[in-house]
Amino acid sequence: MTEQFELTAGGAVLMNGNRLRDEIVAELNAEITAAGGPAVCLATVLVGDDKPSRIYVRNKQRKAAEAAMESRHVELGADASQSEVEEAVGGLAADPGVHGILVQLPLPEGLDPDTVLELIPPEKDVDGLTPRSMGRLVRGQRGHVPCTPLGVMRLLDRYGVATSGSRAVVIGRSTLVGLPQVLLLGRKGVDATPTLAHSRTPELQEVCRQADIIVAAAGMARLVTADFVRPGAAVIDVGISRTTDGIVGDVDFEAVQEVAGAVTPMPGGTGPMTIACLLQNTLAAARMLGAFPD
Ligand code: NAD
């Protein structure tokens, strides 16, 4: 029997990221427990006192514990120097007890994230953001894939959105989200035909209306209205904007759910999936490092 998915009031499938995250965390817990509970350790590095960053890091640690993983946390003040941050990350890179390293971005102004990220060996780069991991993704080699776009792929898969032969539009071309998202959608075996749209794309609405799948990662509150959406399309909201109305996504959920075939809620869509994929990458890291049985 095929699974009955939860629907929105307008009849679209609700691509529930909280639910899928919980399933993934439970699977990871079961896998680690079945292997006799070997230590699988995620290290987080937080520099400065950006409030959202602190919340993200705390959520990652909490979910790591639920997945039967250990976490290690290094915290540095907003006045930390470049060399202090590099020393901290270098120490975790060299520590055989640490399998995954996550440096919470953005770093405070004046610090260069690139030289910090380059200290993370590809096996421990569970965020998938270093040049070596990105290069592996482009070349189709084994390595860690950035968590947010990977989470989008997991949602499409879990909620039965067909990718093969589909037309996809990704709004946003950052190295964190949009660019790797396009690579993942176009991969062999996924076989969508992705278009990379950005702030200089003319007639964005028309471009999006051609799509079977829209991934909105622009950081523009409610950019994607019902007029952008072809009836039945899957719409995934990655954007986060802090407005006077609170936290708002790139998708006008209320209007879009009347037209779309499937849609993510915001919050509760891509955010929890980013954490789930970080933890999956951490277990994969432990495997790559020979600390967890294959
Ligand atoms: P970014 O600012 O680096 O990139 C935004 C991209 O959107 C740019 O390429 C820009 O060309 C494009 N863009 C901006 N305005 C546009 C417009 N009006 N029309 C078309 N394209 C436009 O941001 P990012 O790091 O890629 O993050 C994107 C959004 O996703 C942000 O809101 C961020 O907070 C959010 N985010 C969410 C998660 C999650 O887990 N859900 C993770 C990472 C980032």
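**Exercise 1. A lysine and its contacts**

Task: Leaving aside neighbours within four places in sequence, find which residues Lys-124 is in contact with. Then decide whether Lys-124 is buried or exposed.

Solution. 
- Step 1. List the contacts. Lys-124 meets Leu-92, Ala-93, Ala-94, Asp-95, Val-98, His-99, Gly-100, Ile-101 and Leu-289, once neighbours up to four places away in sequence are set aside. Keep in mind that this is a predicted model.
- Step 2. Lys-124 sits in the loop between helix H4 (113-117) and H5.
- Step 3. Check the accessibility. The relative accessible area of Lys-124 is 5%. Buried means under 20%. Lys-124 is therefore buried.
- Step 4. Compare sequence with space. Lys-124 and Ala-234 lie 110 residues apart in sequence. From C-alpha to C-alpha, Lys-124 and Ala-234 are 33 Å apart in space.

**Exercise 2. A valine in a strand**

Task: Locate Val-263, and state what Val-263 touches beyond four places in sequence.

Solution. 
- Step 1. Find the element. Val-263 belongs to strand E11 (residues 262-263).
- Step 2. Read the accessibility. Val-263 has 0% relative accessibility, so Val-263 counts as buried.
- Step 3. Name the contacts. Not counting residues up to four places away in sequence, Val-263 touches Thr-8, Ala-12, Val-13, Leu-14, Met-15, Val-235, Phe-253, Val-256 and Gln-257.
- Step 4. Gly-140 is 123 residues from Val-263 along the chain, and their C-alpha atoms are separated by 29 Å.

**Exercise 3. The buried side of H7**

Task: Which residues of helix H7 are buried, and what covers them?

Solution. 
- Step 1. Pick out the buried residues. In H7 (residues 178-186) they are Gly-178, Pro-180, Gln-181, Val-182, Leu-184 and Leu-185.
- Step 2. Recall helix geometry. An α-helix has 3.6 residues a turn, so residues three or four places apart point the same way.
- Step 3. Find the cover. It includes helix H5 (131-139), helix H6 (147-158), strand E5 (167-171), strand E6 (193-197) and strand E7 (213-216).

**Exercise 4. The largest pocket**

Task: Give the volume of the largest pocket, and describe its lining.

Solution. 
- Step 1. State the volume. The largest pocket has about 1,200 Å³.
- Step 2. Go to the centre. The lining has 42 residues, and the closest to the centre of the pocket are Tyr-56, Thr-148, Ile-240, Gly-271 and Thr-274.
- Step 3. Name the elements. Those giving two or more residues to the lining are helix H1 (17-34), helix H2 (51-66), strand E4 (100-103), H6 and H10. H2 gives the largest share, 8 residues.
- Step 4. Sort by class. The lining divides into 22 nonpolar, 13 polar and 7 charged residues.

**Exercise 5. Backbone details**

Solution. 
- Step 1. Take Pro-106. A cis bond joins Leu-105 to Pro-106, with omega about 0°. Pro-106 lies in the loop between E4 and H4.
- Step 2. Take Pro-267. The bond from Met-266 to Pro-267 is cis, and omega is near 0°. Pro-267 lies in the loop between E11 and H10.
- Step 3. Take Glu-203. Its phi is near 50°, a positive value in a residue other than glycine. Glu-203 counts as exposed at 61% relative accessibility.

Definitions and conventions
Residues are numbered from 1 along each chain as its sequence is written. This is a predicted model: local features need pLDDT of at least 70, side-chain atom pairs count only at pLDDT 80 or more; totals for chains, interfaces and linings use all residues. Side-chain values use heavy atoms; hydrogens and water are left out. Buried means under 20% relative accessible area, exposed over 50%, partly exposed in between (1.4 Å probe, protein chains only). Helices (H or I, at least four residues) and strands (E, at least two) are DSSP runs, numbered from the N terminus. Contact means heavy atoms within 4.5 Å. On a 1 Å grid over the protein atoms alone, a cavity is a set of points where a 1.4 Å probe fits but cannot get out, and a pocket is an open set with protein on both sides within 12 Å along at least five of seven lines; lining residues have an atom within 4 Å of a point. Grid points are joined across faces, edges and corners, and a volume is the space filled by probe spheres set on the points. Ala, Val, Leu, Ile, Met, Phe, Trp, Tyr, Cys and Pro count as nonpolar, Asp, Glu, Lys and Arg as charged, and the others, Gly among them, as polar.
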